Amino acid sequence: MNCEKRIVLTGFMGVGKSSVARHLAYLLRCEKIDLDNLIEGSEHRKIAEIIDADGEAIFRRIETENLKRALNKTNVRILSLGGGTWTQAENRELIRQHGMTTIWLESNFSHCWNNIRFSWKDRPLARNKRSAQKLFDARQELYCLADWHFIVKPDHTSFDVARQIAEEVFS
Ligand code: S3P
């Protein structure tokens, strides 16, 4: 397998980016970083606390700083983003400049929303269905800018998706 390639996983909240990244790192024996985890570690606060206390604009600044840190770790081959990271033009440019291959994990809104609803993770930008749906609709055209596009069906496990990516992108 070609483990030289470095990839970022993007896609809407609840699509399973972090789980797919974990399985992919296992399958490829590669280092991975989950950007939200990196942020929480460096800020010593949960993402929801940052957004609730400081607002989304400050969160985006912190996110971009941590994205730079993650991209500069050249041993890391797999990076799972937060759902909004890729929607920022500056972040897309940074990712391109670092030669990363981007993969959009796409699913329909009801699949993502079900995962959001039943998740332990507090997502301030998706606390109600209407605002989550609005964000989902607005972001589709930006996720489309990714290099690869994998459709995640509700009956696919995150391991299935990781295996498919390992075969198609890394073989
Ligand atoms: C966000 C997605 C979240 C997290 C933050 C904002 C977004 O990550 O970064 O709550 O704007 O879509 P997940 O996509 O991992 O839930």
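The largest cavity is lined by Phe 12, Val 15, Trp 104, Leu 105, Glu 106, Ser 107, Cys 112, Phe 136, Gln 140 and Tyr 143. Strand 4 (101-106) and helix 7 (129-143) are the elements that give two or more residues to this lining. Helices (H or I, at least four residues) and strands (E, at least two) are DSSP runs numbered from the N terminus. The structure is a predicted model, in which local features need pLDDT of at least 70 and side-chain atom pairs count only at pLDDT 80 or more, while totals for chains, interfaces and linings use all residues. Residues are numbered from 1 along each chain as its sequence is written, and side-chain values use heavy atoms, with hydrogens and water left out.

A search of the whole structure finds one cavity of 30 Å³ or more, and the space in the largest cavity is about 30 Å³. On a 1 Å grid over the protein atoms alone, a cavity is a set of points where a 1.4 Å probe fits but cannot get out, whereas a pocket is an open set with protein on both sides within 12 Å along at least five of seven lines; lining residues have an atom within 4 Å of a point. Grid points are joined across faces, edges and corners, and a volume is the space filled by probe spheres set on the points. By class, seven nonpolar, two polar and one charged residues make up the lining of the largest cavity. In this scheme Ala, Val, Leu, Ile, Met, Phe, Trp, Tyr, Cys and Pro count as nonpolar, Asp, Glu, Lys and Arg as charged, and the others, Gly among them, as polar.

The largest pocket holds about 900 Å³ of space. Its lining comprises 41 residues, of which Gly 14, Ser 18, Asp 36, Lys 121 and Arg 123 lie nearest the centre of the pocket. These lining residues divide into 13 nonpolar, 15 polar and 13 charged. At least two residues of the lining are supplied by each of helix 1 (17-28), strand 2 (31-34), helix 2 (35-43), helix 3 (47-54), helix 4 (56-71), helix 6 (109-117) and helix 8 (158-170). Helix 1 gives the most, with five residues.

Gly 14 is found in the loop between strand 1 and helix 1. This residue is buried, with a relative accessible area of 10%; buried means under 20% relative accessible area, exposed over 50%, and partly exposed in between (1.4 Å probe, protein chains only). Not counting residues up to four places away in sequence, Gly 14 touches Cys 112, Asn 115, Ile 116 and Arg 123, where contact means heavy atoms within 4.5 Å. From C-alpha to C-alpha, Gly 14 and Thr 85 are 14 Å apart in space and 71 residues apart in sequence.

Thr 10 belongs to strand 1 (residues 7-10) and counts as buried because its relative accessibility is 0%. Its contacts, leaving aside neighbours within four places in sequence, are Lys 17, Leu 81, Trp 86, Ile 103, Trp 104, Leu 105, Tyr 143 and Ala 146. Glu 63, in helix 4, likewise counts as buried, at 1% relative accessibility. Beyond neighbours within four places in sequence, Glu 63 is in contact with Leu 35, Ile 39, Gly 82, Gly 84, Thr 85 and Asn 91.

Further loop residues were also examined. Arg 29 lies in the loop between helix 1 and strand 2 and, although not a glycine, has a positive phi of about 55 degrees. Arg 29 counts as exposed, at 64% relative accessibility. His 44, in the loop between helix 2 and helix 3, has a positive phi of about 55 degrees without being a glycine and counts as exposed at 70% relative accessibility. Lys 73 is found in the loop between helix 4 and strand 3 (76-80) and, at 33% relative accessibility, counts as partly exposed. Lys 73 touches Arg 6 and Ile 33, not counting residues up to four places away in sequence. The C-alpha atoms of Lys 73 and Lys 32 are separated by 9.9 Å, the two residues being 41 residues apart along the chain.
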